[in-house]
Amino acid sequence: MDEVFKALADPSRRRLLDSLYGRNGQTLRELCTGPAGAALTRQSVSKHLAVLEAAGLVTTVRRGREKLHFLDAGPINALADRWIHKYDRERAHALADLKTALEASPMTDAYLYTTYIRTTPEKLWQALTDPAFTHRYWGVSFTTDWRPGSPMTWEENGNTISDPAQTVLEADPGRRLSYTWHTFTPQWAEAAGIGEELRARLAAERRSKVTFDIEPAGETVKLTVVHEDFEADSTLRSMISEGWPAIVAGLKTLLETGEPLP
């Protein structure tokens with residue numbers, strides 16, 4: 001928590017967070033040339049980003065030769081929950097406003113969630129792809145050969161979800177997995193308890209995609225989930241922000257204890 005306070009104390013770092021709040025997933029070059037980094041050297045921006053990353057406020061994901069920077073509001077939310085309720089005075093108001101703004105941000109370009117799991121990259125990959133694992137913590141099974149461009153069939157709540165646009169985008173075992181999101185069929189909606197009006201809104205949005213980045217981190221593995229390609233004011237974007245934490249928590253618990261969450 002001290003690292004979060006230290007990171008937020010510097011106005012240049014707050015401006016970098018503001019920049020990522022406005023558009024998530026920027027490269028170092030984009031941050032340096034944008035309003036937040038225009039008055040700073042590239043080295044200064046890199047140092048500020050390192051402090052933000054150490055505090056858990058920024059997470060990086062490699063895409064080819066580029067390293068993208070994503071805002072992670074989790075530490076700010078935890079800090080606010082810890083201190084605002086205890087000291088609800090003027091000093092806490094600015095932090096409360098920041099917490100509210102981050103939670104209210106449409107974040108149309110990406111939703112990011114990071115966790116650390118005591119496992120190996122190989123076992124985590126298996127847990128993300130093997131139906132015997134995915135069904136236990138997610139309730140979903142995939143049928144595919146996990147080759148880029150291959151179709152994917154989703155099995156959920158006794159329903160089969162097939163569509164030519166459900167495909168594997170990237171598959172680098174133990175490092176990265178990416179695929180397009182499933183189709184919102186009437187059968188899926190009925191089994192999930194979702195009304196036709198909401199299903200129709202979901203079906204009318206463009207198809208999103210999800211990427212899992214896997215990185216060794218000492219005795220643990222860093223898992224970064226990036227769900228992106230949402231439309232402005234996306235209905236799905238607001239729904240998955242509640243769904244992914246539960247799914248990842250179930251995955252982490254299963255790998256670390258051998259048992260799924262209740």
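Two strands count as paired if DSSP finds at least two bridges between them. Helices (H or I, at least four residues) and strands (E, at least two) are DSSP runs, numbered from the N terminus. With that settled, here is the structure. This is a predicted model, in which local features need pLDDT of at least 70 and side-chain atom pairs count only at pLDDT 80 or more, while totals for chains, interfaces and linings use all residues. Residues are numbered from 1 along each chain as its sequence is written, and side-chain values use heavy atoms, with hydrogens and water left out.

I'll start with the sheet of five strands. The sheet is open, its order is S3-S10-S9-S8-S7, and the pairing is antiparallel. At the edges stand S3, residues 110-117, and S7, residues 168-172; each has a single partner strand, so one side of each has no neighbour in the sheet. From one strand to the next, the twist averages 10°. For angles here, axes are lines fitted to C-alpha atoms, for helices over the stretch in contact, and the angles run from 0 to 180 degrees between N-to-C directions.

S3 and S10, residues 220-228, run antiparallel and are joined by 8 bridges. Within that pair, tyrosine 111 is opposite histidine 227 of S10. Threonine 115 also belongs to S3. Is threonine 115 buried or exposed? Its relative accessibility is 13%, so threonine 115 counts as buried; the cut-offs are under 20% relative accessible area for buried, over 50% for exposed and partly exposed in between, with a 1.4 Å probe and protein chains only. Leaving aside residues up to four places away in sequence, threonine 115 touches Val221, Lys222, Leu223, Val248 and Lys252. Contact here means heavy atoms within 4.5 Å.

Now the S7 side. S7 pairs with S8 in the antiparallel sense over 4 bridges, and alanine 171 is opposite leucine 177 in S8. The hairpin of S7 and S8 has 3 residues between the strands, and in it glycine 174 takes a positive phi near 80°. On to the next pair: S8 and S9 are antiparallel over 5 bridges. There, leucine 177 has phenylalanine 212 of S9 as its bridge partner.

How many residues of S8 are buried? The count is 5 of the 5, so S8 is largely enclosed by the rest of the structure. Both faces of the strand are covered, with Arg176, Ser178 and Thr180 buried on one side and Leu177 and Tyr179 buried on the other.

Which helices lie across this sheet? Helix H11 lies across S3, S9 and S10, at about 15° to S3.

H11 has a helix partner as well. Two packed helices are described by the angle between their axes and the distance between the axes. H10, residues 196-204, packs on H11, residues 235-257, at an angle of about 105°, with the axes 8 Å apart. The two are therefore roughly perpendicular; on this scale, under 35 degrees is roughly parallel, over 145 roughly antiparallel, 65 to 115 roughly perpendicular and the rest oblique. H10 contributes Leu198, Arg201 and Leu202 to the contact, and H11 contributes Thr235, Leu236 and Met239. By class, these residues are 4 nonpolar, 1 polar and 1 charged. Ala, Val, Leu, Ile, Met, Phe, Trp, Tyr, Cys and Pro count as nonpolar, Asp, Glu, Lys and Arg as charged, and the others, Gly among them, as polar.

The other helix pair to show is H2, residues 11-22, with H4, residues 42-54. Their axes come within 10 Å and cross at roughly 80°, which makes H2 roughly perpendicular to H4. Ser12, Arg13, Leu16 and Leu17 of H2 meet Val45, His48, Leu49, Val51 and Leu52 of H4. This contact has 6 nonpolar, 2 polar and 1 charged residues.

Next, helix H1, residues 2-9. Val4, Ala7 and Leu8 are buried in H1. Seen down the helix axis, they fall within an arc of 95°, so they line one face of H1; the arc is taken over the directions from the helix axis to the C-beta atoms. Asp2, Lys6 and Ala9 are exposed on the other side.

Last, the sheet of three strands. This one is open too, in the order S4-S5-S6, with antiparallel pairing. S4 (140-143) and S6 (159-161) stand at its edges. S4 pairs with S5, residues 153-156, over 4 bridges, and serine 141 has glutamate 155 of S5 as its bridge partner.
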